[in-house]
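This report covers a ligand shell, a sheet and the overall fold. The structure comes first.

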Amino acid sequence: MVVPVIDFSKLDGTASERAATMAQIDSGCEEWGFFQLVNHGVPKELLDRVKKVCSESYRLREAAFMESEPVLHEDNQWPSSPPEFKETMREYRAELRKLAERVMEAMDENLGLDKGRIKRAFTGDGRHAPFFGTKVSHYPPCPRPDLITGLRAHTDAGGVILLFQDDRVGGLQVLKGGEWVDVQPLADAIVINTGDQVEVLSNGRYRSAWHRVLPMRDGNRRSVASFYNPALEASISPAVDGAAAYPEYVFGEYMDVYAKQKFDAKEPRFEAVKAPKSA
Ligand SMILES: O=C(O)CCC(=O)C(=O)O
């Protein structure tokens, strides 16, 4: 089994190319919760610069960066070296944010929702800014992978996750039909996966997938993960018609539960945020 690879540029192609691409995105969301986008519109030259500044920043291991929050967003502390890190990552994040919104619009259409519905849910109908954060990680080689677990299996809490992973060193796996499948390194592709909030909005049609990162004996694996999540104040509930399989809750409350239960089964998280029924 191979994680689907989708040529995103075909969304702007002929009517039949567009229809086939929309169907691939739908089955990527429904069958896998994971897919890889190629020809996604993020310039290769920018991706090359991102690789360069991230590797350089890891090599320098600036003290301020090591102490800063792991997820970068507009307002927190960023590494000051290499000097081009901030500007490059700002440019990259702007591109990825646009890409996330295009992917969300494709999901709207596939789910039969009005265009922009998922984004509106994430922003409380435009009242709040969605959270958009980027985590730069390096997984060092491990001489005894048999002794450690790596990043344990979990689903992601938020909305749409866009991962620019290493070209060569693998380790990321997704659970599909009870089997762990490699998310194969593919140069310059962006891996998309959907989080728990898309599962709720889609009323269970696009289930967030379990994934993990195995330790690798050889090579340092770079991973740049960007998270497009609801605002903490946003109210989330199923947007797709039908008997609601999930409660309505405030995303910030879900995050409080997730922080303590990230590596446990996800269903009790939805139970925990369910508002008590008045008698
Ligand atoms: O680094 C990766 O490839 C995946 C990271 C991940 O799953 C996470 O941060 O939740």
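## Ligand shell, sheet and fold

By class, five nonpolar, four polar and two charged residues make up the shell around the ligand. The model is a predicted one. The residues around the ligand are Lys 135, Ser 137, Leu 151, Asp 156, Leu 163, Gln 165, Leu 172, His 211, Val 213, Ser 223 and Ala 225. Four strands, β4, β6, β10 and β11, each supply at least two residues of this shell.

| Strand | Residues | Share of the shell |
|---|---|---|
| β4 | 131-139 | at least two residues |
| β6 | 160-165 | at least two residues |
| β11 | 221-229 | at least two residues |

β10 also belongs to an open sheet. Its four strands run in the order β5-β10-β7-β8, with antiparallel pairing. The edge strands, β5 (151-154) and β8 (179-182), each pair on one side only. From one strand to the next, the twist averages 25°.

β5 and β10 (residues 211-213) run antiparallel and are joined by two bridges. His 154 has His 211 in β10 as its bridge partner. His 211 is also one of the residues around the ligand.

Now the whole chain. The protein has eight helices and 13 strands. Its radius of gyration is 19 Å, which agrees with the value near 19 Å for a compact globule of 279 residues. Along the principal axes, the C-alpha atoms fill a box of roughly 55 × 50 × 40 Å. Of the 279 residues, 35% count as buried. Among contacts with a separation of 6 or more, 73% come from residues 24 or more positions apart.

Terms used. Residues numbered from 1 in each chain as written. Predicted model: local features only at pLDDT ≥ 70, side-chain atom pairs only at ≥ 80, totals over all residues. Pairing = 2+ DSSP bridges. Axes fitted to C-alpha atoms, helices over the stretch in contact; angles between N-to-C directions. Near = placed C-beta within 6 Å. Nonpolar A, V, L, I, M, F, W, Y, C, P; charged D, E, K, R; others polar. Rg over C-alpha atoms; globule rule 2.2 N^0.38 Å. Buried ≥ 20, exposed ≤ 12 C-beta atoms within 10 Å, placed from the backbone. Contact = placed C-beta atoms within 7 Å.
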